[in-house]
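We will go from stop to stop, selecting as we go.

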Amino acid sequence: MQWHTRKPEEVLEKLRSTPRGLAEEEVQSRLQEQGLNELVETAQKTLFMMFLDQFKDFMILVLIVAAVISGIIGEATDTIAIIVIVVLNAVIGFVQEYRAEKAMELLRKMSAHSALVMRAGNPATIPATQLVPGDIVILEAGMIVPADIRLIQVAQLKIEEAPLTGESLPVEKRVEPLPDEKLPVADRKNMAYRGTIVSYGRGSGVVTATGMTTELGKIATLLQNEEVVKTPLQKRLAAFGRKLALAVLAICAIIFVVGVLRGEPPLLMLLTAISLAVAAIPEALPAVVTISLALGAKKMIVQNALIRRLPAVETLGSVTYICSDKTGTLTLNKMTVEELYVGGTLLNAGMVAQGSNREFFTALALNNDATPDAAGAMLGDPTEVALYLMALQAGFDKQVLEQKFSRVSEIPFDSTRKCMTTFHKVTTDTLLENVTVGGFISFTKGAVDVLLDKATPVIGDEAAPFSTTGMETVNDRMAAAGLRVLGIAMRSWDRLPDDMSPGHVESGLTILGLVGMLDPPREEAREAVRLCRAAGIRPVMITGDHPLTATSIATRLGILEAGDNGVMVGRELEQLSLEEFERRVESIRVYARVAPAQKLKIIRALQDRGQFVAMTGDGVNDAPALKRADIGVAMGITGTDVSKEAADMILLDDNFATIVKAVKEGRRIFDNIRKFIKYTMTSNSGEIWTIALAPLLGLPIPLLPIHILWINLVTDGLPGLALAAEPAETGIMQRPPRHPTESIFAHGLAVHILWVGLLMGGVSLCTQTWFIKAGHAHWQTMVFTVLCLSQMGHVLAIRSERESLFSQGLFSNKPLAGAFLLTFGLQMATLYVPQLNPVFKTTPLPMGELAVTLALSTVVFFAVEMEKFVKRLRLRKGSP
């Protein structure tokens, strides 16, 4: 039922109610039929089940198996390390999921606890949960609206609807029916909605919906039904874990069988195969991912972005669309005068001369309720604040002028008249024309078309006959530029009129001029949009504003190119089916007159087209869209608690540029996670090639199980974790976003793992062959050291995809430099600390052999440096 289209008496009749309210027995009957007026939460997982769910990830299951195997073969250190990593990840995941479930709780907190109603002709205060459709509710300033209500009486009633609709200013209410059935919630001026707040006046109305059938209840339903979308990294790691586990098991089985067939002791081959399996599983990967994301989140706080779900940090790197609110995010959320039309001249606000056009600027200052507080901050309607500051800039101080023109009466603005008038007594001599001491003057501001109907010739332009057409032309030009245009007028009076009706006093006005205002775009947002475009990300503006205003701001920011027609209004969006909309969605850059609930349709259409979407929002109505988006971004200053709980990230400064900084950080983090995978999988590949190829080449098993596990412990741990601190690559925001379905091994990563791993194994086997033929008994110690240190050379070389370590500098990543030196020291300890020799089956190397070992360990480093040199050459020639 579209209650806003019906007359109050029709609504009462349809709901079988009267202005006296319902009888108690009828209330009880309807309670039985409709249920309590409360938000109902669907069955939720218990905390224990929520915690157990964190162990369902395939990579985590593989790690648990690896921990069990490590315990069986006596490697307690590995077992403990893996268990700690797994439990830590589970705790972090549990905390994030638990926090996400709190959005519903905050929705319930928005509901009123009590309601003032008429029951059988008597006023009564009842628990809000006892309301039923047909109840008559009385609304007064400060109350939370307890249900959805069709208003039947209002007295200057204004309701703060920002949490529900995104409308920043209180909405003036009326009772007349609105004929358009498809009006968005924000434009239904004769309705009051649950969870909104009465800010001024009073009124009464009949309850039309309670509980989950209210607009707030519909949002609660969407919020509970909308699934959290898995991040690209979560999807990639799950696929990676499955493939890796199968590959490792197959390789280890082959190594065991080949070794036994060659005559190696079965127990030794079993332990070798198991050790290799444990080493090949990158158990540090979940820890590296978590630490990378946590460090990134910590860094983002400094940049005014608060991350609520850690995986969201990496998802930012995959974002292809950023759909942003206009007000306060792309703009300053501060109305500013841009242009003035006064004395027949169109002026830029910065061109106004001090003391000029006295009547016009006096009117701006005095027909105004904005005032500064004790600290100098402006209080009042944003439009009036802009006019106050413009007058002050021109040298007309309201506080000073009020000494000469004291306000004696006023007719407040209302949506029917579309204007506001103030009366002032002239107490001292002034320079204003046709104004005498002891007389009165009225100033009126309002919609230009309304004032033109009430006007006489323009002051300061007597030479030319008054032209409505000329004024309308300027008005149209300002409006086409996206400005909000107000007309300013005055009238002189010998005495205060007896008839103070608007029809009498707002006539015979003299038009003083026009003023065009705009919430200007943020300067940093313009640069952020340019960065988005360079990075292959499409910025999209979503606003409830007029299409002309939205187009103007979008063009200034660079979201819309000149002549681009990628603008869609909410009414058109509502009429399109999802399938029709999907065909057009990628060409739209600006959505105007859009209700917050329509954001969900925009997200779904983009996601169905394979896009990854970041969506901003601040109202309760935005919560389902924020939850559905790949990255939900809530406003820290203007956002509601519900929107913040549903979001992945909160902008502490409500600034679009902060999202772009976060995207850059997300790309850096994914790059570093990818570098760790490159490093650890290449290292594991080198170990597998070394063990697998030795029997095929007729060589003895080159490494003992203890060697494999040691290399795994000292090289995978600290050096891998230190890669998380690697700075961003040069040009990170000049490349397109990676495709959400792109494999983690794309862009040559798999080839690198294979050829560098093969080279690492080849150098180790060459070392083994050379020193066996030379008759050295401690060849195994040398192979052990070459393989360990080759991996350390590799980690230094892969710090950048293209830039050389020599230009980066060894200490530009201090944690990695420290990890390298520590690992080198620990490896030397296994050779030269006598107590460790029997544990690791090693012998001290003479200086000559150590020098050869160290030289062989640099082969991999220089090979990878050469690979990067070739990449740089190809890049200079324009090749990919």
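## Stop 1: the strand β24

Select A634 in β24: its bridge partner is G617. Strands like this one are DSSP runs of E with at least two residues, helices are runs of H or I with at least four residues, and both are numbered from the N terminus. This is a predicted model, in which local features need pLDDT of at least 70 and side-chain atom pairs count only at pLDDT 80 or more, while totals for chains, interfaces and linings use all residues. Residues are numbered from 1 along each chain as its sequence is written, and side-chain values use heavy atoms, with hydrogens and water left out.

Now select all of β24, residues 631-635. Is it buried or exposed? Five of its five residues are buried, so the strand is largely enclosed by the rest of the structure. Buried means under 20% relative accessible area, exposed over 50%, and partly exposed in between (1.4 Å probe, protein chains only). Check both faces: I631, V633 and M635 lie on one side, G632 and A634 on the other.

## Stop 2: the neighbours of β24

Two strands pair if DSSP finds at least two bridges between them. Find A614: its bridge partner in β24 is I631.

V633 has M649 as its bridge partner in β25.

Show the helices too. β23, α24 (623-628) and β24 make a right-handed β-α-β unit. β24, α25 (641-646) and β25 make a right-handed β-α-β unit. Right-handed here means that, with the strands pointing away from you, the path from the first strand over the helix to the second runs clockwise.

## Stop 3: the whole sheet

Select eight strands in this order: β8-β25-β24-β23-β9-β20-β22-β21. They form an open sheet with mixed pairing. Which strands stand at the edges? β8 (305-307) and β21 (567-569) do; each has a single partner strand, so one side of each is left without a neighbour in the sheet. The twist averages 20° from one strand to the next.

Move to β20. Four of its five residues are buried, so β20 is largely enclosed by the rest of the structure. β9 (321-325) and β20 pair in the parallel sense over five bridges. C323 stands opposite V540 in β20. Two bridges join β20 to β22, and these strands run parallel. Here I542 stands opposite Y591 in β22.

## Stop 4: the helix α20

Select residues 547-557, helix α20. Its buried residues are T549, A550, S552, I553, A554 and L557. They pack against β19 (509-518), α19 (523-534), β20 (538-542) and β22 (590-592). Contact means heavy atoms within 4.5 Å. An α-helix has 3.6 residues a turn, so residues three or four places apart point the same way. After α20 comes G558, whose phi is positive, near 95°.

## Stop 5: a helix pair

Select α27 (705-716) and α32 (814-832). They pack at an angle of about 155°, with axes 10 Å apart. The contact is made by W710, V714 and T715 of α27 and T823, L826, Q827 and T830 of α32.

## Last stop: H4

Finish at H4, in the segment before α1 (8-14). H4 counts as buried, at 1% relative accessibility. Leaving aside neighbours within four places in sequence, its contacts include R150, P177, L178 and D180.

Methods:
Axes fitted to C-alpha atoms, helices over the stretch in contact; angles between N-to-C directions.
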